[in-house]
Amino acid sequence: MAYSNKVIDHYENPRNVGSMPKDDVNVGTGLVGAPECGDVMKLQVKVNPLTGIIDDAKFKTFGCGSAIASSSLATEWLKGKTVDEALAIKNTDIVEELALPPVKIHCSVLAEDAIKAAINDYKKKQAADQPAAGAAAQPTA
Amino acid sequence: MAIKLPIYMDYHATTPADPRVVEAMLPYFTEHFGNAASRNHPFGWEAEEAVDKARKQVADLIGANAKEIVFTSGATESNNLAIKGVAEMYREKGNHIITAVTEHKAIIDTCKRLEKEGYRVTYLPVQKDGLVNLDELKAAISDETILISIMTANNEIGVIQPIAEIGAIAKEKGILFHTDAVQAAGKIPFDVNALKVDIVSITAHKMYGPKGVGALYVRRRNPRVLLSAQIDGGGHERGMRSGTLNVTGIVGMGKAAEIAKAEMADETKRLSALRDRLNDRLHKGLDEIFINGSVEHRLPHSLNISFAYVEGESLLMGINDVAVSSGSACTSASLEPSYVLKALGAGDDLAHSSIRFGLGRWSTEEEVDYVADKLVSVVTRLREMSPLYELAKEGVDLSTMQWEAH
Ligand SMILES: Cc1ncc(COP(=O)(O)O)c(C=O)c1O
Ligand code: FES
């Protein structure tokens, strides 16, 4: 398997590896994949409650080099985005940026799924945290 | 001494030809180029003499008689000839074949084809250590059983099956016994009479000979095995395998067999010491690594290890200056986790993170140390990046977790 230079760079120097506290209301955690499929991705976002902007993103990935690169790239892209902008990230953007071959497209899909799962988790927590605000606080839900 | 990169540690896949083998072969390309079947001139006689010598060298390696050796294009052909040849020839006696799930594809796929043609095949499971259970073998035997085919040593995990015991069972029941001895021949002592095997497949390129040449041992006495030819033509090789003989290749295979026999004891000592050194260094540097397959019944140059919580393809990427094989890559990509490791009952997650190390004639201590140290550092780095390692360290039992399918 020949890897693009960008995949190799992310593999060798992964950005934002790590974990943030799962129970922090401002942190959303997505855990997707399954060990028996050979890939598990954990992606976390931390949203600034004042600005609604993603301040920090972290990942941990069990998977091939392309899966590691996809999640590493995703964390880079997430920082500085709003929650809704984050949801607009498409796996095809990742495929293009990393020049992934067809057999590796699903690695990027996994990254997109992880972003969505992390954002959904964040939204769920926010909703649970502000019961008084009710459905009105959640126009996007 | 500086080591040369990349390092080859995939001697189960193939081996480089020994320079002594190449030297023996060279004259047969140019000077002695005759067709071994040409009976009426010296060019043919020279070629035939060279083939006869090689036949003896190969026979000597496995304790056979030269007349019992049929040269082929390699072990894939040998396996096909053995199984289809017996199946066709003994069809009236029965239609049942017994083999094992961990056999090479050249056996499994041949058996699958026979199933389509109306034969019944039992694929014995293996135990956790990779070995077949002799009671299960006995239980699988029926009046219809005409052939048992169990490999001597496995190409992925290096475990050695109880061939002598299986041979005794087959003999007692009057069933022919074939073994794919590709990985064992020239590496461990192998004697067709001591082991009571009737048909044996071997190939030159796994024992420092050239690619594209192999042999099938076919017993001539007690019992006399008959095979239905799979390639029709000029009736070469006692009618069992037509086609002008690959004289150069056969000469190479003979020389390779001779060297393997002469050097086996020393080579085994040297390589098992290197293999143990590799294993010790990995175990010192890392926790949660597991040897796949029996440690006791194992080829001396062979090691297959699962590195828990890291994925095989990313692991290989981190050691890209080392040539090894991995039974891995996720199920979504084209590669499947190894069916051999799955057959051992290793969880799929462990099958995804295995590496097969194959040492050989030119492996050195420096190479072993380099590979071990590199693996320790890459596995450590990947584990820091692994959500599974993190969960496991938090005390989560991964096997009970609910994973969302994707
Ligand atoms: C156990 C086993 N059987 C058969 C074969 C096939 O041999 P050949 O490459 O000579 O066709 C191999 C090698 O790939 C092998 O490892
Ligand atoms: S995660 Fe399946 S090949 Fe990349």
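In chain A, helix α2 (residues 65–78) lies across β2 and β3, running at about 175° to β3(A), where contact means heavy atoms within 4.5 Å, and where angles run from 0 to 180 degrees between N-to-C directions, with axes taken as lines fitted to C-alpha atoms, for helices over the stretch in contact. Helices (H or I, at least four residues) and strands (E, at least two) are DSSP runs, numbered from the N terminus. The model is a predicted one, in which local features need pLDDT of at least 70 and side-chain atom pairs count only at pLDDT 80 or more, while totals for chains, interfaces and linings use all residues. Residues are numbered from 1 along each chain as its sequence is written, chains are lettered from A and ligands numbered from 1 in the order in which they are written, and side-chain values use heavy atoms, with hydrogens and water left out.

Helix α5 (residues 105–129) of chain A lies across β1, β2 and β3 of that chain, at about 145° to β1(A). These three strands form an open sheet in the order β1-β2-β3, with antiparallel pairing; two strands pair if DSSP finds at least two bridges between them. Because β1 (27–34) and β3 (54–62) of chain A stand at the edges, each with a single partner strand, one side of each is left without a neighbour in the sheet. From one strand to the next, the twist averages 10°. Strand β1(A) is joined to β2 (residues 39–47) of chain A by eight bridges, the two running antiparallel, and A:V27 has A:K46 as its bridge partner in β2(A).

In chain B, an open antiparallel sheet is formed by four strands in the order β9-β10-β13-β12. Here β9 (289–291) and β12 (325–326) of chain B are the edge strands, each with a single partner, so one side of each is left without a neighbour in the sheet. Strands β10 (residues 302–307) and β13 (residues 354–358) of chain B pair in the antiparallel sense over five bridges, and B:L303 stands opposite B:F357 in β13(B). Helix α8 (residues 247–285) of chain B lies across β9, β10 and β13 of this chain, running at about 15° to β10(B).

A nitrogen atom of ligand 1 is 2.6 Å from an N or O atom in the side chain of B:D180, an oxygen atom of the ligand is 2.8 Å from an N or O atom in the side chain of B:Q183, and an oxygen atom of ligand 1 is 2.9 Å from a polar backbone atom of B:A75.

Most residues other than glycine have a negative phi, and most peptide bonds are trans. The peptide bond from B:L5 to B:P6 is cis, with omega near -5°, and a cis bond also joins B:N222 and B:P223, with omega about -5°.

Technical notes. A polar contact is a pair of N or O atoms within 3.5 Å; within protein, one must be able to donate a hydrogen and the other to accept it, and residues adjacent in sequence count only if both atoms are side-chain atoms.
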